[in-house]
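Please open the model in your viewer and keep the sequence panel beside it. The stops below say what to select next and what to look for there.

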Amino acid sequence: MDVRIEPSWKKVLQSEFDEPYFVELTDFVRSEYASRKIFPPAKLIFNAFDQCPFDKVKVVILGQDPYHDDGQAHGLCFSVNDGVQYPPSLQNIFKEIHDDLGVAVPQSGNLERWAQQGVLLLNATLTVRAHQAGSHQNKGWERFTDAVIRKIAEERQHVVFMLWGSYAQRKGAFIDTSRHLVLKAVHPSPLSAYRGFFGCKHFSQANNYLISNGLTPIEW
């Protein structure tokens with residue numbers, strides 16, 4: 001199958017695109033966009049990949065679903081378009097960065113600036129019906145994004161994986177910690193952030209690891 005995605009990812013993932021499950025997933029997604037309001041806009045489904053080529057990945061942050069309210073989702077987990085109010089989890093991420101690194105809370109919740117430095121902002125499920133959280137789960141996206149994580153874990157070295165919450169931690173359980181840095185904490189949601197996300201210092205740990213392996217740190 002010919003999928004429009006950044007060339008380095010296309011090369012790495014072509015075997016996945018040729019799998020029967022991906023053909024079924026594509027048929028489902030196309031029918032959903034044709035008949036319902038779906039987020040993100042179709043051209044941005046693979047935005048996380050297009051913004052961050054395979055050979056440039058330094059950090060992987062795992063989310064679960066795209067945001068499902070109007071104007072929020074644009075294909076990067078936890079990120080929102082310019083001018084959109086910060087969702088609660090993103091507010092907490094910025095608070096932890098401020099407390100960890102002393103970085104001021106930014107004017108925009110658009111995290112493309114991270115992606116362009118090598119942060120893959122990957123949701124487990126890449127599409128969702130408007131106002132229906134989880135509506136595209138268990139259709140094939142999770143198998144695809146498992147394959148993405150496996151490709152990074154097996155073919156790259158010295159990548160930082162930030163696994164926030166039990167879902168992300170299960171999804172990344174196979175990652176070789178002798179080859180990569182795996183950072184775990186509770187989810188930054190207001191329901192759990194005070195139980196260990198605040199104070200986790202993942203952002204300074206990530207940069208220290210990158211520097212120690214001769215890589216440029218991320219400007220969070």
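Contact here means heavy atoms within 4.5 Å, and helices (H or I, at least four residues) and strands (E, at least two) are DSSP runs numbered from the N terminus. This is a predicted model, in which local features need pLDDT of at least 70 and side-chain atom pairs count only at pLDDT 80 or more, while totals for chains, interfaces and linings use all residues. Residues are numbered from 1 along each chain as its sequence is written, and side-chain values use heavy atoms, with hydrogens and water left out.

Begin by selecting helix 4, residues 88-101, whose 14 residues reach 20 Å from the first C-alpha to the last, close to the 20 Å expected at 1.5 Å a residue, the expected span being 1.5 Å times one less than the number of residues. Among its buried residues are Leu 90, Ile 93, Phe 94 and Ile 97, where buried means under 20% relative accessible area, exposed over 50% and partly exposed in between (1.4 Å probe, protein chains only). What covers the buried residues of helix 4 includes helix 5 (112-115), strand 5 (160-164) and helix 8. Just after helix 4, select Gly 102, which takes a positive phi of about 75°.

Next come the aromatic rings, which pair if their centres lie within 6.5 Å (Phe, Tyr and the six-membered ring of Trp), with planes under 30 degrees apart counted as stacked, over 60 as edge-to-face and the rest as tilted. By this rule the count comes to 21 aromatic pairs. Select Trp 9 and Phe 54, an edge-to-face pair at 5.2 Å centre to centre with 80° between the planes. This pair links distant parts of the chain, since Trp 9 is in helix 1 (residues 7-17) and Phe 54 is in the loop between helix 3 and strand 2 (59-63), 45 residues apart. Trp 9 is buried, with a relative accessible area of 0%, and Phe 54 is buried at 8%.

Now move to the backbone, and select Phe 39 and Pro 40, which are joined by a cis peptide bond with omega about -5°. Most residues other than glycine have a negative phi, and most peptide bonds are trans. His 131, however, has a positive phi near 65°, and this residue is found in the loop between strand 4 (128-129) and helix 6 (141-155).
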